[in-house]
Amino acid sequence: MNSSTKLLPGLLLSAALAAVAIQLGAIGWLQAHGMSALTVAIVLGIVLGNTVYPRMAATSGAGVAFSKQTLLRAGVILYGLRLTLHDIGQVGTTGVLIDALLLSSTFALAFLLGTRVFGLDRSTALLIGAGNAICGAAAVMATEPLVRAKAEQVTVAISTVVVFGTVAIFLYPALYELNLHWQLLPAGSQAFGIYAGSTIHEVAQVFAAGRSISAETANTAVITKMVRVMMLAPFLIGLSAWLARQGDSGAAATQGRKLTIPWFAFAFVGMVLLNSLAPLPHALVGIAIDLDTFLLAMAMGALGLTTHISAIRRAGIKPLLLGGLLFAWLIGGGVLINSVVAGWLR
C-alpha cells in the first residue's frame with residue numbers, strides 16, 4: 001500500500017471516535033460537569049485501546065500516529081482563531097500579569113516537585129506542569145512533541161487535569177461565597193472571574209465553574225483563561241530552548257544539543273493576529289472552530305488508543321499527588337498573586 005492508503009484505516013477510526021465524542025460532549029450533564037468532547041474522546045480511545053484496538057493496530061497504527069501527531073499540530077494552530085488581541089484588553093494588565101505569574105510559578109513548581117520530591121521522570125513532570133499551568137489537555141498535547149513522551153505519560157498528565165479540574169467546578173462556587181466573608185480577593189464578580197480563569201485547568205471547567213456563580217463571572221473567567229491559552233506559544237518556544245540547553249540528558253536525549261523549533265506555535269500566534277487584525281467572516285470562523293474541535297478530538301482519541309492501562313498503573317499515585325499539590329498552589333497561591341497584583345495595579 002502507498003503511504004496515503006496506509007493512513008486511511010487509522011484516520012477513519014480516529015474520526016469515528018471524534019464524531020462520537022463530540023456528540024456525547026454535547027450532552028447537558030457532561031457539559032455541566034466540565035467534560036468536553038476532548039476528554040470524552042480520550043476516554044473512548046482508552047476503552048478501545050485496551051480491548052479491541054490491539055487486533056487492529058497492524059493496519060490502523062500509521063493513521064492513528066498521524067492523528068496523534070500531525071493533526072494535533074493542525075488543531076493547535078486553528079485554536080488561535082478562538083482568540084483575539086481584544087481578549088487581552090478585556091482583562092487588562094492585571095489579568096495578563098496574573099496569568100503570567102501563575103503560569104511560570106506553577107510550571108516551575110511542577111518540575112521541582114515532580115523530579116526532586118516524587119522522583120518522576122522529567123517528561124511526566126513537564127507534561128503535568130504544562131497541563132496545570134496553561135490550558136489542560138491541549139497544553140499537554142502541545143508539549144508532548146517537544147519532550148517526546150510516551151502515550152501513557154501523556155495520559156497520566158491529562159488525568160491530573162481531569163481529576164482536579166472537575167473538583168474545581170464544584171469547589172470554586174463555594175470559594176466565591178467564602179470570599180464574600182473573608183475578602184481575600186477584591187469584592188465583585190469580575191475579580192473572582194480573573195481568579196477562576198487564572199487558576200482552573202480547562203476552558204470548559206472554567207466556564208462551568210464561572211457560570212455557577214454568575215454570567216459576568218463566567219465571561220471574565222473565560223476571557224482570562226483564553227489569555228492564558230495565548231501564552232502557550234511563548235511557553236513552547238521557551239521550553240524548546242531550555243531543553244536544548246540541557247544537552248544529552250533526560251527528555252532532550254534524542255535531540256542532542258539542537259534547538260527544536262515548535263513552528264506550529266508561531267502559526268498559532270499568526271492565527272491570533274489574523275483573527276485580530278483581519279477578522280474573517282463569523283460563519284467561516286465558526287466552521288474553522290468546529291474543524292479544530294474535530295481535529296483535536298481525533299488527536300485525543302488516537303492518544304487513548306495507544307494508551308495502556310497497565311502503564312498508567314505502573315505510574316502509581318505520585319502523579320496524582322503532584323497534581324493535588326499543584327491544585328492546592330493554584331488555589332492558595334492564586335489568591336496571593338491575584339490579591340497582590342490587583343492591589344499593586346489598583
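Predicted model: local features only at pLDDT ≥ 70, side-chain atom pairs only at ≥ 80, totals over all residues.
1. Residues are numbered from 1 along each chain as its sequence is written, and side-chain values use heavy atoms, with hydrogens and water left out.

2. The partners in that salt bridge are Asp292 and Arg82, with their closest N and O atoms 2.8 Å apart. Asp292 belongs to helix α14 (residues 282–305) and Arg82 to the loop between α4 (57–79) and α5 (85–117), so the pair ties together parts that are 210 residues apart in sequence. Helices here are DSSP runs (H or I, at least four residues), numbered from the N terminus.

3. How accessible are the two partners? Asp292 is buried, at 0% relative accessibility, whereas Arg82 is partly exposed at 27%. Buried means under 20% relative accessible area, exposed over 50%, and partly exposed in between (1.4 Å probe, protein chains only).

4. Next, look at helix α6 (residues 122–135) and helix α8 (residues 151–182), whose axes come within 9 Å and cross at roughly 35 degrees. The axes are lines fitted to C-alpha atoms over the stretch in contact, and angles run from 0 to 180 degrees between N-to-C directions. On the α6 side, the contact (heavy atoms within 4.5 Å) is made by Ser123, Thr124, Leu127, Ile128, Gly131 and Asn132. Helix α8 brings Gln153, Val154, Val156, Ala157, Thr160 and Val161.

5. Helix α3 (residues 37–49) has 13 residues and reaches 18 Å from its first C-alpha to its last, close to the 18 Å expected at 1.5 Å a residue. That expected span is 1.5 Å times one less than the number of residues. Among the buried residues of α3 are Leu38, Val40, Ile42 and Ile46.

6. Arg148, in the loop between α7 (137–147) and α8, has a positive phi of about 55 degrees although it is not a glycine. Gln183, in the loop between α8 and α9 (189–199), also has a positive phi, near 55 degrees. Arg148 is partly exposed at 48% relative accessibility, and Gln183 is partly exposed at 41%.

7. Finally, Gln246 sits in the loop between α12 (232–245) and α13 (263–277). Its C-alpha atom is separated by 40 Å from that of Leu184, 62 residues apart along the chain.

Note on methods: Salt bridge = Lys/Arg side-chain N within 4 Å of Asp/Glu carboxyl O. Helix = DSSP H or I, 4+ residues; strand = E, 2+ residues; numbered from the N terminus.
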